[in-house]
Amino acid sequence: MIALVRRLLVLLVRIVVGARSEWRGCAPDPIRRIYFANHNSHVDTVAVMAALPWPVRRLTHPVAARDYWGTNAFRRFIAEKGLRAVLIERKPLPDSNPLAPVERLLEEGRSVLIFPEGTRSSNDEIAPFRSGIYRLACRFPDVDLVPIHLDNLQRILPKGSWLIVPITCTARFGKPLRVEPGEEKGAFLARARAAVIDLAGGGHTA
């Protein structure tokens with residue numbers, strides 16, 4: 001039953017927004033990776049998951065905010081059962097590690113999808129990245145981080161709106177990157193953000 005819900009959810013997204021994929025910097029290999037994308041609407045997560053081929057999608061877990069996706073039974077069902085998402089706290093308690101469940105998945109050989117801006121943008125500009133992606137890159141230095149740029153999602157479901165506008169979405173996957181030896185947090189975050197921005201115009205980053 002849960003597997004059927006997942007397939008129907010992917011099919012619905014593909015019908016409504018298209019969810020095309022363009023693998024410009026790497027191949028869609030079913031290996032452990034950290035995917036990271038720009039964040040414009042609530043459709044972002046399902047759009048990326050729908051754009052992934054089945055062998056990659058079955059290995060990948062989106063990371064979602066508990067304060068949104070965990071607020072009621074329906075949202076939690078969609079997140080945890082429909083998308084197999086891991087919910088984390090955006091405002092964690094002192095001395096806690098909100099990335100612990102994400103790290104466990106990577107330790108188990110799974111892939112994760114994160115949105116380093118931390119919250120949805122109200123326009124097309126990509127906000128500065130938060131430090132979580134740097135912490136994961138340092139914790140798993142041998143895992144590729146694959147940038148993704150999502151086109152048209154802000155227009156499909158703008159922030160503050162629940163009216164879906166049927167416009168084709170494209171998920172562009174760029175060249176993988178890793179943290180360089182001795183690379184400082186600020187430099188890495190700027191480089192990762194630039195990798196997503198570079199995909200916005202459809203440029204080839206391989």
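This is a predicted model: local features need pLDDT of at least 70, side-chain atom pairs count only at pLDDT 80 or more; totals for chains, interfaces and linings use all residues.
Let me begin with Phe 188, which at 0% relative accessibility counts as buried, where buried means under 20% relative accessible area, exposed means over 50% and partly exposed lies in between, all with a 1.4 Å probe and protein chains only. Residues are numbered from 1 along each chain as its sequence is written, and side-chain values use heavy atoms, with hydrogens and water left out.

Now the chain as a whole. If we take the contacts with a separation of 6 or more, residues 24 or more positions apart account for 72% of them, a contact being heavy atoms within 4.5 Å.

Which residues of helix 2 are buried? They are Asp 44, Thr 45, Val 46, Ala 47, Val 48, Met 49, Ala 50 and Ala 51, and because that makes eight of the eight residues in 44–51, helix 2 is largely enclosed by the rest of the structure.

Let me turn to the aromatic rings. The count comes to five aromatic pairs, where rings of Phe, Tyr and Trp (its six-membered ring) pair if their centres lie within 6.5 Å, and planes under 30 degrees apart count as stacked, over 60 as edge-to-face and the rest as tilted. In one of these pairs, the rings of Tyr 35 and Phe 173 have centres 6.2 Å apart and planes at 90°, so the pair is edge-to-face. Tyr 35 sits in strand 2 (residues 33–37) and Phe 173 in strand 7 (residues 170–173), so that this pair links distant parts of the chain, 138 residues apart. Both Tyr 35 and Phe 173 are buried, and together with Trp 23 they form one aromatic cluster.

Phe 188, where I started, pairs with Tyr 134, and because their ring centres are 5.7 Å apart with planes at 50°, the pair is tilted. Tyr 134 lies in helix 7 (residues 132–139) and Phe 188 in helix 9 (residues 185–199), so the pair ties together parts that are 54 residues apart in sequence. Tyr 134 is also buried, at 17% relative accessibility.

There is also a charge to mention: the charged end of Arg 139 sits over the ring of Phe 140, 4.6 Å from its centre, the rule being that NZ of Lys or CZ of Arg is within 6 Å of the ring centre and within 35 degrees of the ring normal.

Next, the backbone. Arg 84 and Asp 95 are not glycines, yet Arg 84 has a positive phi of about 55° and Asp 95 one of about 70°.

Finally, the cysteines. With a disulfide taken as a pair of cysteine sulfur atoms within 2.5 Å, the count comes to zero. Cys 26 is buried at 13%, and Cys 138 is partly exposed at 36%.

Terms used: Helices (H or I, at least four residues) and strands (E, at least two) are DSSP runs, numbered from the N terminus.
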